Amino acid sequence: MANKTDLRAKSIHGSNPQFLIEKITRSKIQGCLYWKEQCFALNESSIIDRARELTYYGGCFGGNMQPTPFLCLIMKMLQLQPEIRIVKQYIANQSLKYLRVLGAFYLRLVGDPIDIYTTLEPYYNDYRKLRKRTPTGWELDHVDSFIDDLLTKRIVCHITLPHLPKRIVLETSAQLKPRVSLLEMSSDLDLDDDDDDLNSSDDSDKEEKEKDEDNSDAKEKESDESDDSDNDDDIDESRKVMKQS
């Protein structure tokens, strides 16, 4: 019973969820000590405790290609088939990065393309470090790189992933909106700020120009009034001279 899929589980991509992992890898998982001791009687809640204990991720390692605890937990999730909303809570968890990659990997296996892209792409902005165990040793990885592997590669952690349509195909068919990266968003904000600065500068220049025009008009008016006064004085003097003569 420990190796059987939950009776309430639905078929994924037309087959038993556990069959998403190749038979030889399933056999190695079911025969390893971690599966027998640590994965027995796990549920959607207690699997978080196992994810908290993870210090690395990977597929199979060593000369006899033993499965990692990460791979065992993936198979346990396929066996339990937790609800997608619960898996998304795993992914959204900020404190447990290995729980996030565990949930992301599971969603990539069982999710529909639209849900996969919309849920995983925001985590391109997660740059935390990960330890990756390979068949020959250890590598340094990052969460954003792991997410990119899930969305672009065919095989990850020695598991062949279900087919995922390219993003451009979904955009062309209007099923997805074009992705805007964090860099593009910041560039747009900078451009908006520049436009605001230009507009405020233009308004300031316009106000100064209007003030200059008002001052010029005032000066011209004063000059005209002065000229009129001078003309009146000249006329008065002319009249006086005429009377004396």
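Guide: A charge sits over a ring if NZ of Lys or CZ of Arg is within 6 Å of the ring centre and within 35 degrees of the ring normal. The model shown here is predicted.

Visitor: Which residue lies over the face of Trp138?

Guide: That residue is Arg131, placed 4.3 Å from the ring centre of Trp138. A further case is Arg133, which lies over the face of Tyr56 at 5.9 Å from the ring centre.

Visitor: Where in the chain do Tyr57 and Phe146 lie?

Guide: Tyr57 belongs to strand 1 (residues 57-58) and Phe146 to helix 8 (residues 143-152), so the pair links distant parts of the chain, 89 residues apart.

Visitor: Why does Tyr57 count as buried?

Guide: Tyr57 is buried because its relative accessible area is 1%, and buried means under 20%. Phe146 also counts as buried, at 0% relative accessibility.

Visitor: What arrangement do Phe70 and Phe146 form?

Guide: Phe70 and Phe146 form an edge-to-face pair, 6.5 Å centre to centre with 90° between the planes. This pair, too, links distant parts of the chain: Phe70 lies in helix 4 (residues 69-80), 76 residues apart from Phe146 in helix 8. Both Phe70 and Phe146 are buried.

Visitor: Which residues do ring pairs link into a cluster?

Guide: The cluster consists of Tyr57, Phe70, Phe105 and Phe146.

Definitions and conventions
Residues numbered from 1 in each chain as written. Predicted model: local features only at pLDDT ≥ 70, side-chain atom pairs only at ≥ 80, totals over all residues. Heavy atoms only, no water. Helix = DSSP H or I, 4+ residues; strand = E, 2+ residues; numbered from the N terminus. Buried < 20%, exposed > 50% of the residue type's maximum accessible area, 1.4 Å probe, protein only. Phe/Tyr/Trp six-rings, centres within 6.5 Å; stacked < 30°, edge-to-face > 60°.
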